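Trainee: Could we go through this model together, one question at a time, with the cut-offs stated as we meet them?

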Amino acid sequence: MYIFISGSISLFTLLLFSPGDIIPPDSILHFDVLLLDVWNPEDGVQSNTYHTPSTCSRKVEVSDYVRYHYNGTLLDGTLFDSSHTRLRTYDTYVGIGWLIAGMDQGLLGMCVGEKRIITMPPSLGYGENGDGSDIPGQASLVFDVVLLDLHNPRDGITVTNQFMPESCTRKTVAGDFVRYHYNGSLLDGTFFDSSYSRNRTYDTYVGRGYVIAGMDEGLIGVCVGEKRTVTIPPHLGYGEEGTGSKIPGSAVLVFDIHIIDFHNPSDKTEITVTHKPEECDKPTKKGDFVKYHYNASLMDGTSIDSTYNYAKTYNIVLGANQVVPGMEDGLMDMCVGEKRHLVIPPHLGYGERGVTDEVPGSAVLVFDIELVEMEEGLPEGYMFIWNDEVSPDLFTEMDTDQNKQVEPSEFTDYIMRQVNEGKGRLAPGFDPYRIIDNMFSNQDRDGDGKITEAEFKLKADEAPHDEL
Ligand SMILES: [Ca+2]
Ligand SMILES: [Ca+2]
């Protein structure tokens, strides 16, 4: 056994080799000994784990890359080095000679989060000569290590903790646009970022290199509503450099993600008929005035709005751009009494901007609609049509005060009378007086506020199938 002592060592040496004059014969010697280090050439590495993490999906193996913190002391407790004081982890490969032999062995089998004391004799540390500075020759070394991070350069991403929604009719493919929430942390649990804290989803195209490679891969094949944990090794994350402050170099990243919705820019409105009435002879078409109920929500079930809350229908003219294009699609060719489930991609809904405080940007919308009532529209381009034969002497009939010109009030009274008597029809869903005003202006060629017989005829001649 080799024993190293200090304190009185120089005196001790002196006494051993220069007894002569200094120590009188037959003296009783007293040695005050402080044991500093002790080891045996047979000694190997000793590892003592004093903290075991609650979970450990993987342990350090040869050729793994690790990031750890340590305090290095001599056997007497003298601190010679600490990664903590440098405020950065020690990052290295294990088991392939990048470390002193004792550490190469002592780190094997560790879990992330584990704390252990690794003790090694000088033969597995810095040997006879020490490291030339703080570690003396023949010193045993004691490392108090906490493992923060572990991966292998051969690693791909791993997907764990999958939570699948009850139904999943479609999974993401490259080129889809995904909106998701995430919590990002390092392997040791250190939190670095969350979309929840910003209160908005992270939105991106997948499979196009817009996000780190590991996330690009982890977002492929997911369902709306799915949750999963994606663990990403640094070569598929932020590499050896990290991101500066938040993500250290060579860090493994753990993302807990929740898919809110996704769509593809080529998506059309998805229409599912949930109830079809037995009788349906007049399906809706462009120009029809429709009255319907809707429940609107986001893909994650967040309710946006419902006409049932107001106890009145929403009424629009089909094809008149009064609702988003996806809703126009969804209301076409529909029967009174029919119910449908619509999924509307954002480019046919409220787009990238959404609606402040109601619809997030790029959100997929879900509508459950019910057509309650429908009034057939006029043929395309018409705002008024005659149901009967047109009177051959319209102008005279309109000019009730017989002053040879038709004033706005005469015109309006006349048209309204035709409508009320069922002889003519105005396009449904619009303000009748605005339509009539437009018709009047159209006839009043010189814009003097009255229609002469000449203006009347001229208009009729050049556009025989116009409103009048
Ligand atoms: Ca008149
Ligand atoms: Ca005129």
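Trainee: Among the contacts in the chain with a separation of 6 or more, what percentage comes from residues 24 or more positions apart?

Mentor: This is a predicted model, in which local features need pLDDT of at least 70 and side-chain atom pairs count only at pLDDT 80 or more, while totals for chains, interfaces and linings use all residues. Residues are numbered from 1 along each chain as its sequence is written, and chains are lettered from A and ligands numbered from 1 in the order in which they are written. Two residues are in contact if their C-beta atoms, placed from the backbone, lie within 7 Å. Of the contacts with a separation of 6 or more, the share from residues 24 or more positions apart is 68%.

Trainee: What radius of gyration does the chain have, beside that of a compact globule of 468 residues?

Mentor: The radius is taken over C-alpha atoms, and the globule rule is 2.2 Å times the number of residues to the power 0.38. The C-alpha trace spans about 155 × 50 × 35 Å along its principal axes. A compact globule of 468 residues would come near 23 Å, whereas the chain has 42 Å.

Trainee: Which residue ranges does the UniProt annotation "domain: PPIase FKBP-type" cover?

Mentor: UniProt positions are given in the numbering used here, feature names are shortened, and annotations may be inferred rather than shown by experiment. Over residues 63-151 the chain is 11% helix and 39% strand, with the end C-alpha atoms 9 Å apart, and residues 175-263 likewise have 11% helix, 39% strand and end C-alpha atoms 9 Å apart. According to the unreviewed entry, the annotation covers 63-151, 175-263 and 287-375.

Trainee: Is Glu114 buried or exposed?

Mentor: Glu114 lies in the loop between α3 (101-106) and β7 (115-120). Beyond its neighbours within four places in sequence, its contacts are Thr49, His51, Thr52, Pro53 and Leu147, and the C-alpha atoms of Glu114 and Leu147, 33 residues apart in sequence, are 5.8 Å apart. A residue is buried if 20 or more other C-beta atoms, placed from the backbone, lie within 10 Å of its own, exposed if 12 or fewer, and partly exposed in between. Because Glu114 has 20 C-beta neighbours inside 10 Å, it counts as buried.

Trainee: Where is Asn321 placed, and is Asn321 buried or exposed?

Mentor: Asn321 is in the loop between β18 (314-317) and α6 (325-331). Its phi is near 55 degrees, a positive value in a residue other than glycine. Because Asn321 has 9 C-beta neighbours inside 10 Å, it counts as exposed.

Trainee: What is the C-alpha separation of Gly156 and Glu217?

Mentor: Gly156 is in the loop between β8 (141-151) and β9 (158-163), and is partly exposed, with 13 other C-beta atoms within 10 Å. Gly156 and Glu217 are 61 residues apart along the chain, and their C-alpha atoms are separated by 9.6 Å.

Notes
Helix = DSSP H or I, 4+ residues; strand = E, 2+ residues; numbered from the N terminus.
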